[in-house]
Amino acid sequence: MAGAAGPGTCPGAAGGDGDDSLYPIAVLIDELRNEDVQLGSRRVLGGCRRTGFRAVRWPRRFQRRLPAGSGKGCGSPDTTGPFEVQPGASWLEKCPGLLGRRKLRLNSIKKLSTIALALGVERTRTELLPFLTDTIYDEDEVLLALAEQLGNFTGLVGGPDFAHCLLPPLESLATVEETVVRDKAVESLRQISQEHTPIALEAHFVPLVKRLASGDWFTSRTSACGLFSVCYPRASNAIKAEIRQHFRSLCSDDTPMVRRAAASKLGEFAKVLELDSVKNEIVPLFTNLASDEQDSVRLLAVEACVSIAQLLSQDDLEVLVMPTLRQAAEDKSWRVRYMVADKFSELQKAVGSKITLNDLIPAFQNLLKDCEAEVRAAAAHKVKELCENLPIEGRETIIMNQILPYIKELVSDTNQHVKSALASVIMGLSTILGKENTIEHLLPLFLAQLKDECPEVRLNIISNLDCVNEVIGIRQLSQSLLPAIVELAEDAKWRVRLAIIEYMPLLAGQLGVEFFDEKLNSLCMAWLVDHVYAIREAATNNLMKLVQKFGTEWAQNTIVPKVLIMANDPNYLHRMTTLFCINEEVKPVLQKLGQDEDMDVKYFAQEAISAVTQRLRNLDFPGKDSEEPSAPEADKNQCLRPRVHGEDTGKTVLTQPYCRTPNLS
């Protein structure tokens, strides 16, 4: 007979009358609970361990007896613990549970599906899930993985008919202190709720939501806010009334964190309610939250306003929503005004054109001249979208009379972030206003921004030149464009120089080859000898794009001679840049010709590849013993390529950017 394991014993293993197939699984589950692992003696210290506030004991169903004299347990030599790893248990050495403490338990949690498959659906429901529910107390990283795993566990517990078995552990996870764990648990609960039948939803899921909504700690009440919208549509009328009552209670909760959670889910909850309930219950809640004492609550109410406005008619909007929205646009907290500016395009689409012209345009004007730079920058980002969403009839007049005067003031704003935000969108107005208005009103603003002291402003203008090119052509800007490009190309910050290089192919295509050769060619060549490697590399790629745009004949006459002159430069970095340029231009051509359909072309291309490869191998690099035997003759099909790390091919490495002596080993 198997003796009962004493309180001082630890989980044991080996022969007996247990289920041999579950022996490795027992070890895996044990690692969910135990931190201390001794690899030297191959023992897992377990048994009764304090986990949080609960004394947890290894389930008897996983306990197995050792035959007499087979080995020592964690107690005396004659005592057999519930689990003992014998010497020679090689599978234990590969067990992912023995990787160490937190990572050990985390890996075991990620293999819960393996445990569930081994146990079967019935034992998963009756043994594994209760075990997990009782051992919820762990580190946040482990709990996060557990919450994620349980969201995909429906098929492992027997399908949708038994989905309610997953609710207890997830309910416990939804009440923990760590926010990311709660959010993941709520996400899994929302996923599982869709697999409940309407009857099971009211019998199991709705009571869970009620318990969370009436919990003593704010953590459970914040989690409940995210669950109302998924259970409301399929509930009966009586249950719906109770759900709405619970949500109203959370919207007026004493804890600001709960009110924030309720405000963040207000719009989502409104979408699943009946229209009468939206008017009679949701709108008053929105009004109260929008006037909350905490600005963190009020700004979330602005986000909910978008969803609510989409559900109401124009008349209802004017009476029920717009007074609160006007108040939010003039709120004493800049964070609330910032949220109004950030959501302005969505609000404009939700309320319609009539209310936009009467209420939102004046509010937008106030936001553009707000005392806080963050608010002005957020509003400036929305200028183009606002103008695009205006009614086509009369749009030009509205922009010229009500929007453009405020834009002109922002061009000379004292804050560089505001000017940068405006520069990123102002070029798009040219396609809306047309050629005449662009030349008369917008072109002076573009020229002023091209001369701005802030590099980001000039870069944003240059990056959107294609918008102006479609309307008036880029020649109108060419005289002011060139000084701005030169200043950016010579900027002390290398990231600014890198940004203008990336826009150079776009500028070249719009300015034309003649203007480029006359004004910008020297800049592109100067970048090849920049002291920053990233600039030299980008300049090399830039030349390749320019060749693709202007053609090989232009490259042979303009670029190649200048690149070849660099081969005699005394600076070894400049000579290596020559190699990079040649590599970018020659290698793709040889590779393409090496796959040509014509056999003669293919043959001579492979001859060229072989000759170049052989000559590079025979070069006498500094630091290389010239008497070292050369590598065997290369295969003609082998093209030049970077050496793979760890590969021993004998090829010369020419792609190490800062290496004076290439690695030939």
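Visitor: Does aspartate 359 count as buried or exposed, and at what relative accessibility?

Guide: This is a predicted model, in which local features need pLDDT of at least 70 and side-chain atom pairs count only at pLDDT 80 or more, while totals for chains, interfaces and linings use all residues. Residues are numbered from 1 along each chain as its sequence is written, and side-chain values use heavy atoms, with hydrogens and water left out.

Aspartate 359 counts as buried, because its relative accessibility is 15%. Buried here means under 20% relative accessible area, exposed means over 50%, and partly exposed lies in between, with a 1.4 Å probe and protein chains only. The residue lies in helix α20; helices (H or I, at least four residues) and strands (E, at least two) are DSSP runs, numbered from the N terminus. When residues up to four places away in sequence are not counted, aspartate 359 touches Glu318, Met322 and Arg326, where contact means heavy atoms within 4.5 Å.

Helix α20, at residues 353–368, is also one of the elements against which the buried residues of α19 pack. The others in that list are α16 (295–309), α17 (314–329), α18 (334–342) and α22 (383–389). The buried residues are Phe344, Ser345, Leu347, Gln348, Ala350 and Val351. Just after α19, glycine 352 takes a positive phi of about 95°.

Threonine 578 is placed in helix α33, residues 572–594, and it counts as buried because its relative accessibility is 3%. Apart from neighbours within four places in sequence, threonine 578 is in contact with Val563, Met566 and Ala567. Its C-alpha atom is separated by 9.7 Å from that of valine 560, 18 residues away along the chain.

Helix α30 (residues 513–527) packs on helix α32 (residues 552–565) at an angle of about 20°, with the axes 12 Å apart. Axes are lines fitted to C-alpha atoms, for helices over the stretch in contact, and angles run from 0 to 180 degrees between N-to-C directions. The pair is therefore roughly parallel, a term for angles under 35 degrees, whereas over 145 is roughly antiparallel, 65 to 115 roughly perpendicular and the rest oblique.

Another helix pair is α23 (residues 395–411) and α25 (residues 430–450), whose axes come within 11 Å and cross at roughly 5°. Helix α23 is therefore roughly parallel to α25. The residues of this contact divide into 10 nonpolar, 3 polar and 3 charged.

Finally, the chain as a whole. Its secondary structure comes to 34 helices and 4 strands, and 49% of its 665 residues count as buried. Among contacts between residues at least 6 apart in sequence, 69% join residues at least 24 apart.

Key: Ala, Val, Leu, Ile, Met, Phe, Trp, Tyr, Cys and Pro count as nonpolar, Asp, Glu, Lys and Arg as charged, and the others, Gly among them, as polar.
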